[in-house]
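Okay, everyone, thanks for coming. Let me put today's structure up on the screen, and then we'll walk through a few spots together.

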Amino acid sequence: MWWFGGNPSPSDYPNAAIPNFNMHAFVIFSVFLIPLIAYILILPGVRRKRVVTTVTYVLMLAVGGALIASLIYPCWASGSQMIYTQFRGHSNERILAKIGVEIGLQKVNVTLKFERLLSSNDVLPGSDMTELYYNEGFDISGISSMAEALHHGLENGLPYPMLSVLEYFSLNQDSFDWGRHYRVAGHYTHAAIWFAFACWCLSVVLMLFLPHNAYKSILATGISCLIACLVYLLLSPCELRIAFTGENFERVDLTATFSFCFYLIFAIGILCVLCGLGLGICEHWRIYTLSTFLDASLDEHVGPKWKKLPTGGPALQGVQIGAYGTNTTNSSRDKNDISSDKTAGSSGFQSRTSTCQSSASSASLRSQSSIETVHDEAELERTHVHFLQEPCSSSST
Amino acid sequence: IQQNEEFQRYDGWYNNLANSEWGSAGSRLHRDARSYYSDGVYSVNNSLPSARELSDILFKGESGIPNTRGCTTLLAFFSQVVAYEIMQSNGVSCPLETLKIQVPLCDNVFDKECEGKTEIPFTRAKYDKATGNGLNSPREQINERTSWIDGSFIYGTTQPWVSSLRSFKQGRLAEGVPGYPPLNNPHIPLNNPAPPQVHRLMSPDRLFMLGDSRVNENPGLLSFGLILFRWHNYNANQIHREHPDWTDEQIFQAARRLVIASMQKIIAYDFVPGLLGEDVRLSNYTKYMPHVPPGISHAFGAAAFRFPHSIVPPAMLLRKRGNKCEFRTEVGGYPALRLCQNWWNAQDIVKEYSVDEIILGMASQIAERDDNIVVEDLRDYIFGPMHFSRLDVVASSIMRGRDNGVPPYNELRRTFGLAPKTWETMNEDFYKKHTAKVEKLKELYGGNILYLDAYVGGMLEGGENGPGELFKEIIKDQFTRIRDGDRFWFENKLNGLFTDEEVQMIHSITLRDIIKATTDIDETMLQKDVFFFKEGDPCPQPFQVNTTGLEPCVPFMQSTYWTDNDTTYVFTLIGLACVPLICYGIGRYLVNRRIAIGHNSACDSLTTDFANDDCGAKGDIYGVNALEWLQEEYIRQVRIEIENTTLAVKKPRGGILRKIRFETGQKIELFHSMPNPSAMHGPFVLLSQKNNHHLVIRLSSDRDLSKFLDQIRQAASGINAEVIIKDEENSILLSQAITKERRQDRLDLFFREAYAKAFNDSELQDSETSFDSSNDDILNETISREELASAMGMKANNEFVKRMFAMTAKHNEDSLSFNEFLTVLREFVNAPQKQKLQTLFKMCDLEGKNKVLRKDLAELVKSLNQTAGVHITESVQLRLFNEVLHYAGVSNDAKYLTYDDFNALFSDIPDKQPVGLPFNRKNYQPSIGETSSLNSFAVVDRSINSSAPLTLIHKVSAFLETYRQHVFIVFCFVAINLVLFFERFWHYRYMAENRDLRRVMGAGIAITRGAAGALSFCMALILLTVCRNIITLLRETVIAQYIPFDSAIAFHKIVALFAAFWATLHTVGHCVNFYHVGTQSQEGLACLFQEAFFGSNFLPSISYWFFSTITGLTGIALVAVMCIIYVFALPCFIKRAYHAFRLTHLLNIAFYALTLLHGLPKLLDSPKFGYYVVGPIVLFVIDRIIGLMQYYKKLEIVNAEILPSDIIYIEYRRPREFKYKSGQWVTVSSPSISCTFNESHAFSIASSPQDENMKLYIKAVGPWTWKLRSELIRSLNTGSPFPLIHMKGPYGDGNQEWMDYEVAIMVGAGIGVTPYASTLVDLVQRTSSDSFHRVRCRKVYFLWVCSTHKNYEWFVDVLKNVEDQARSGILETHIFVTQTFHKFDLRTTMLYICEKHFRATNSGISMFTGLHAKNHFGRPNFKAFFQFIQSEHKEQSKIGVFSCGPVNLNESIAEGCADANRQRDAPSFAHRFETF
């Protein structure tokens, strides 16, 4: 067994230092990142409405990601403070440390980071606190979960400042109700965010299948986001002040202020409301309609069309159907339909049938169609032209 | 004192290195003796004597017996300070466990009336939930304070508490008024029970904020709290002075260390010896002993340290400050401050008389004796909960001992190494003095001293010199353990807190020093040892305080928390009960209004304000715009013109609709609405015309009405006609109006009655109409020729009708009375054939020459055929006629027909039986040879001759067979409901004991939660029943074999009814539950609703629960919403107020949203509704999305026609991706016909799936369809574009499954044939093309039931088409013409003869329809038909029956199916139907 080495001793790897990488976050956000990357991948292949589709796509993913993030991450309110403190029993060391509290909808994170040792007269030789960094998450969703967390914290021997923070959250009587406030606020906000998320899911579905109606659910998403913010604003306590001794040996308060998630959701809410309203108004006045998404056009019969169409109403509708039929069925009967359709003369259809005969008019049409327009009827026409040109060119070659 | 020492945690943790939780707040009490629970785990022994009785026997006595050792009251109250410093173990645990202490009969405090009903409540103490589950871990109560002497009485045990007390300036505690802490404005959780003397909850703002939540209980205790508070600040000031550079935190901790050390010294070395007597001292401190547990023991907490109760005086003397020994003689009118009148009001006393006076008074006042007697202030008048304002400390102590499982007296003695005692030797002095009492005690314990409660025994031991030996032992042991086990003890050198000098200094601190430092009391006025008053000490008490001459105690009060809730509760309940009534009232109002207005105002927004083309053209003619009311669903705009004596009803754009001519001497009867109806709707005018339907018009205003009436009068005066004008209520007027329809009904009645009389056959009578009342009317009724003609399906100018009418109408040539009609009818029916023929002959014989012109007869027959909708040309008819005559032996060239010829012509008609009578009559067996068209049905009735029970079984099994899927699903549904109910019921009845719900609400909570569970399920399921699009998709899958999707709406209603039931149960249950909740104490509520949150002085009332919680508010809103939804979904409202139904059903969104909100606050439990509904809601949303994706807008009508019988035909472009199956239906709406909440209308698709366009046949019945009809008419007339159509669909239907059966029977009646127009074409096309493999059908019977096929020519075309294409005889069609039977049988006879001949000569083609299909006259007998099918297709196991038509048709088919299914060995019938 020479190739395995002469004396295989029991393998004994050194401890792996855990890299500072949040696997949880990575997995969750990959749900949103993967479609985004996939989209960017196919972006060059998206032919029509590149900008609109990209904006919508990114918006949708961003909203979804933000909602999930706000549900999971304890960053609705947060605060941190440099404190001068004792942190363990049976010793009188005092350290300078940074304590932080991050409050989420259903959990609280308390962090403690060692800065430097300030005074001690009985430090054991060789003890090194410089690596001391605590980052503990606690569940606040249950009525007594914080009291349990405190008890466990005491049993597990968390540093004193962290226990103080937990103590503030665990009391549930009269005015000592900070934990309860955050819990209740988190509970209702959580519900509102879930509702917003449901609306978001709905908007994704509508976006895919009924783009015309997507603005309603986007609006609903936005409104529920704003409601979530309002609920959090109203229900979370105004003053969580945890007294500590600060760097200058004076009293400092660890206070929690609204944090990233709150502002993110607020921004998302505003964004969604604006988008939803904008789209809604556009569709109402028929300035612009979001009618396709990723080049799919499923709801052609469903929504109102862009105004710039010659709004012939029913007649045009009929033509459209016929035109579309040409595109898909490739039957000569449909062609006849178009040419014989009495209403076709009103729009460019007639000239289109003539594209086969005269290359000049087809050129003019092509130039027409090369104008970047974003409404689907023009697109329809263009694809139609495209189709009709094909047999023509093939015959000429 | 040092700057930075180790911080001693407030909560007592990490004191002991090995057991970091030792002595911490919230740890278990120390068990030093075996626990004595009756079950060994946690139960209290209920067999022991009543604690109150023991208290009455042993602890009752006179107050004012001075302490023999000279203990001052200061010692008594300081012992309370000590107790609060080291323990708090009377918090309540959740769920609340309340025990009752029996009050002996005629107790002079609690049962003055001798009722014997009173029970003193006792709540068991908070315990560690990890214990009390097993024999080896009995229940262990919790000490909520630290057992260390660590100043927790001053600072509290939690960081937030301390922070709220600190000023954060120079290490001091915050002060409000100098020397006093701030008042409790921030509402920190101080105890704040209702003071029993005022018996109401008071604001916590009045209390002082100090470290212990109980500190405000009495003035003595509060004084100590204040002194110690000042003592901290005193020390902080000292330290600050000595070390000005120290930070606030450092000063605070150093001062705290000093305060703790001084308390440790005073308690351990001054107080304990003082309390226990001269001879007992703690052993000298040797060293810190980390192995000694410091926990408060059960025996100490529940028995021994309750000994000081006996020395507490009934009142406190107050002594003025200064050098003179002066006592207050006037304290609220009494010489001393009564304790029982000042519970929880101490702050007022302290503020008024200052701490100094109280302390001075306590230092002088001699306490009560160390005996068994406890003063009444504690024993009878200690504070209690609101519902029982006074308690007994002694009884509570006894109960506490039992609650904690403290062992009995002798057992406890044994544990502490003391010899057991007997009744007699327990306290020999006492036994001698009070033998009777001890004997009574003995008797109560059954003579067995082994049961004697430790507290009772221990208290009896006491006497002259402090507590007895047991208590002494326990107390000494306890304090020794606390001292030796404390790492932070001031004498412990190892902790490095204090230097030796400092320890010495601390050793010299006494309570007197503290008092001196913190008060303005003159040094000389205070004795050296403040715990005792000895001879020669300054200022002795003026008298030994006893209860005489003191303020009496307010007696105990029992009150209910329910007070003041009655009104809210009752009115809320009444309000809730009123909601459905109000809804019903609104519904009735809507219906009544609609009846009064005469039509559906939500749909018909027509006005009389329309342009009139030829207005003003003829100025002399009076004309007015009006709305003509034709029926409730149909009004139209008309123009009324009166010219001379003629009233003309014209279309708005010209064209006469109706003319009424007034005749000379005629009575013109006019009804109009009461003047001043609503402003919106003008008056109605009803103009009756004889033998015709009434003209009902609505004029735009009362002014128009008067003009109109004037015109009528004017017109009448010209011809001398009498005008009768009456006014009438709108609704009455409209209900009296004989519309076309009502007239038709009347005529039907007329004829039916006539036939019934003629044939003596009651079967013909309409059983639903009561004839008795209208019989006279009928007899007086006359009909016009037009009506007779239309009854016979002919035109009025038809030759036959003319002659017929002329012959019958004898009195009046214009009208035919009932009797006349009956006579003729009788003649036709009962008279022999000959006479009949004679009549007929007479009818034809115009000139009375006994011969009939051949031409005349030909005309007559022709006219008959014409009306029957014969599909043959005149020449063919003539040829046919000639053939018939020839066949009858009449030569072709005979110009006249004689009677004999006539006779011969009709000779092959059976004599007795009128042809065309229903062949479903029992006594009639169609003879096979004669009625060829009937022979396919002619089967011998295999009557089922079986015994009755067997028939019942057959019936049941037939029913089960027909409805097996329905029964299966409904049973499962009901069972799931019950299981869900039962599961939740069980859970809340037995499994949720820890929630305290059952104790408060009993079975009520279980029932409501059970109902909530089942309701959630119903509400989830009900969403699935309305997912039309998904159901349509599922119909084409295998699932359709198992789930009867046709019955979705019926199931919807069943589920809704269940939901209503559960919701009612839930609501009623909670109304009861909230009554119980309203009677709960604060502690009970705190346990019950842990999520809810109340201040200490807030007692939630019923109005809080109902109107201030999300759950309550949404609950009430839900009741309202649900009532609205349900009430408006009642059939009577759906029918008459459809828009209201639609509108209120939109509230379902609110319903679900509210239900989600209802559970969100987690008041009783975490919400589960979401889990039930999330799936259905997702499906429902998907369904809606599919619906929206299948919403095809702006479809162009390419063809439209108005067909007879108010049928509209439209054909519109089929959207590209619209796919459907034959038999499915769509809903159609139109933007140009707006009808709020009623815009979508369902119609069967009449075009086959292969068709290019969509075709619909729509019968105008409702306002929308009528409007569509008039829109189309307008378009057709003017050439304007047709309205655009929006379409949703397709939706599935039972009829689409026809191709799954080898033998299918389709029955279409009336407009119900439309789906078959699609189906049959589909069938034929599929069978003739190569997609035949998809159709299982081998044989299809199509039964068309119609009054006359003349009205359905379009369908005849379809059938013709089908017949042409159909190969292989797969389709067999039968046409049942129902009109001909019951209208007039003579004509039928004639028709029948012609038809027979025509068929014979024209290869079986009917002369009516031009079809091969067999014509039957009369209604089909489905029983016979199904029997025939069964015998024809014996090999089949299942035959599909599809029907579409009115209810009674479907019912009779279903009956027939059920009947046929009773035949167990024959094929069974599966009936799928659609009702119009």
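So, start with W1225(B): across from it, in strand β27 of chain B, stands Y1291(B). Keep in mind that we're looking at a predicted model. That pair belongs to strand β24, residues 1225–1229 of chain B, which pairs with β27(B) in the antiparallel sense over four bridges. And β27(B) has another partner: strand β21, residues 1191–1195 of chain B, runs antiparallel to β27(B) and is joined to it by three bridges. There, L1195(B) has I1285(B) as its bridge partner.

Is β27(B) mostly covered or mostly open? Mostly covered: of its seven residues, six are buried.

Okay, on to the nonpolar cores. The largest one has 239 residues, and the members touching the most others are I103(A), F78(B), F271(B), F305(B) and F479(B). Helix α6 of chain B, residues 248–276, gives the most to this core, 16 residues. Let's zoom in on F271(B). Skipping its neighbours within four places in sequence, F271(B) is in contact with residues including L75(B), F78(B), F305(B) and F531(B). There's also a second, separate core, with 64 residues, and A992(B) and L1154(B) are among them.

Last stop, chain A. Helix α2, residues 50–72, and helix α7, residues 260–284, have axes that come within 10 Å and cross at roughly 150°. The crossing is left-handed. What kinds of residues make up this contact? They split into 13 nonpolar, one polar and no charged. On the α2(A) side you'll find L59(A) and V63(A), among others, and the α7(A) side includes L264(A) and I268(A).

Note on methods. Residues numbered from 1 in each chain as written. Chains lettered and ligands numbered in written order. Predicted model: local features only at pLDDT ≥ 70, side-chain atom pairs only at ≥ 80, totals over all residues. Heavy atoms only, no water. Axes fitted to C-alpha atoms, helices over the stretch in contact; angles between N-to-C directions. Helix = DSSP H or I, 4+ residues; strand = E, 2+ residues; numbered from the N terminus. Left-handed = near helix turned anticlockwise from the far one by under 90°. Contact = heavy atoms within 4.5 Å. Nonpolar A, V, L, I, M, F, W, Y, C, P; charged D, E, K, R; others polar. Buried < 20%, exposed > 50% of the residue type's maximum accessible area, 1.4 Å probe, protein only. Pairing = 2+ DSSP bridges. Core = buried A, V, L, I, M, F, W, Y, C linked by side-chain atoms within 4.5 Å.
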